Amino acid sequence: MGWLGLDDTDHLGGGCTTLAFHRLLEALPPGVQLIGDPCLVRLYPMAKGRTRGNAALSAELHVDMAQEAWFAWLDQYWSTTIEPLAGQWTPSTHAKRPQVPSDPGIVWFETKPNVSFYRKAVREEVSWKDAPKPDWSRGGEGNIGATAAVAWSNHATTWEGIAWRQESDDVRRLDEATLLELDRDDRLFACRDPRKGRGLLAPRGASPVLCGIRGTERQAVAEAMQTLLHAAGTERAIGQRVFSTNQGSGDHLSPPLQAIVEKTEIIQGGHVALHTDQGTWLAFAPSGTVRELASQLSHGDVVQGLGLQSDKPGREGLHLEALSHLSGPLRNLRRPTCPSCHKRMKSAGKEQGLRCPGCSHTDEDRWIGDAVVPTGWVQPPLDRRRHLAPDLSKGLPDAL
Ligand SMILES: [Zn+2]
């Protein structure tokens with residue numbers, strides 16, 4: 001028994017580590033069997049060398065063959081199938097982030113490494129020297145993610161069914177009527193962007209992924225995938241598989257921070273910078289409702305934020321993934337109305353109290369206003385959230 005991990009075989013122009021791993025699992029020699037579902041593990045979203053969503057793959061295998069023969073098989077598979085995927089590189093047309101060439105890595109552990117390495121790799125930049133040492137490995141940078149994927153506890157928070165297609169520039173064909181039907185299943189999520197009526201489950205750009213269906217119940221995901229792939233309007237898939245994943249776990253986040261707003265500022269790009277007693281928090285324009293809430297805050301407001309800290313020049317601060325307005329000064333401050341004639345009262349002068357302009361009724365000097373109604377957690381729309389982002393409408397995950 002042991003654990004196999006794979007990472008970093010893809011680049012923006014094509015390839016996909018999920019497909020490379022699926023093919024590897026399909027090619028396993030007699031005597032080697034997959035135990036349970038393979039794992040799709042998302043790692044630190046701000047990692048420097050990532051291609052797209054920084055996902056790595058792992059699987060538990062039962063190996064009924066001599067170690068020497070198994071390692072010889074792995075060596076052979078590595079050099080013929082995985083190693084040739086190294087060094088591929090496509091510049092990004094939409095992101096400023098420099099793309100690094102793919103540098104695949106594959107690892108084998110006879111004993112599952114401690115989950116602490118996964119916890120580190122999902123929250124911060126890690127290096128190979130920090131990683132537990134595998135019993136067998138080949139490749140480069142990809143070994144780090146591959147090892148972190150093996151170290152994941154495999155306590156799935158969600159499942160993702162993925163189907164692949166022949167690499168092609170043609171528009172993906174998925175059966176529209178079935179998509180509408182799947183939308184109504186509340187065990188599935190991120191199928192469709194409710195604001196635009198656009199499928200979320202098919203990736204944009206060059207990728208051999210035909211579709212991905214995520215959900216909180218394995219059986220619902222597996223059945224939905226079968227239904228969609230067999231529907232008349234869906235193109236032929238070259239394979240499909242259900243992965244156990246850490247998507248939606250919130251594992252990349254630290255517990256919520258509480259802060260008092262000092263000042264809000266609209267910065268270049270329409271983003272909102274919240275200057276707080278806990279440093280700067282950034283609500284980016286694509287985060288929609290989060291940015292909207294941030295722009296309405298003012299001095300003295302008490303807020304909670306969830307996000308990742310960034311030291312990127314010009315973008316330093318907490319990059320908000322969720323924001324909650326807890327309390328703050330009254331809004332729409334105004335004078336009370338006169339109890340007799342209902343006109344708005346006015347100040348009668350310094351330390352003179354209030355006076356009604358209609359009937360000369362007097363009152364003590366005071367303001368009234370609208371109390372802040374706590375918002376609860378506000379998150380970006382589904383298609384703007386990180387893969388790891390938890391659904392906070394069900395409360396904070398246990399880990400937070
Ligand atoms: Zn009056």
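Two strands are taken to pair if DSSP finds at least two bridges between them. In this predicted model, five strands form a closed barrel in the order E12-E13-E14-E16-E15, and the pairing within the barrel is mixed. From one strand to the next, the twist averages 50 degrees.

Strand E14, residues 279–283, runs parallel to strand E16, residues 317–327, and two bridges join them. Tryptophan 281 has leucine 318 of E16 as its bridge partner, and leucine 282 stands opposite histidine 319 of E16. Strand E15, which spans residues 302–310, pairs with E16 in the antiparallel sense, over nine bridges. E15 and E16 form a hairpin, with six residues between the two strands. In the turn of this hairpin, glycine 314 has a positive phi of about 85 degrees.

The model also contains an open sheet. Nine strands make up this sheet, in the order E5-E4-E1-E3-E2-E11-E6-E10-E7, with mixed pairing. Strand E5 (136–139) and strand E7 (188–189) are the edge strands, each pairing on one side only. Within the sheet, strand E6 (residues 158–164) is joined to strand E10 (residues 209–215) by six bridges, in the antiparallel sense. Isoleucine 162 has glycine 212 of E10 as its bridge partner. In general, strands of a sheet pair through backbone hydrogen bonds, either parallel or antiparallel.

How values were computed. Residues numbered from 1 in each chain as written. Predicted model: local features only at pLDDT ≥ 70, side-chain atom pairs only at ≥ 80, totals over all residues. Helix = DSSP H or I, 4+ residues; strand = E, 2+ residues; numbered from the N terminus. Axes fitted to C-alpha atoms, helices over the stretch in contact; angles between N-to-C directions.
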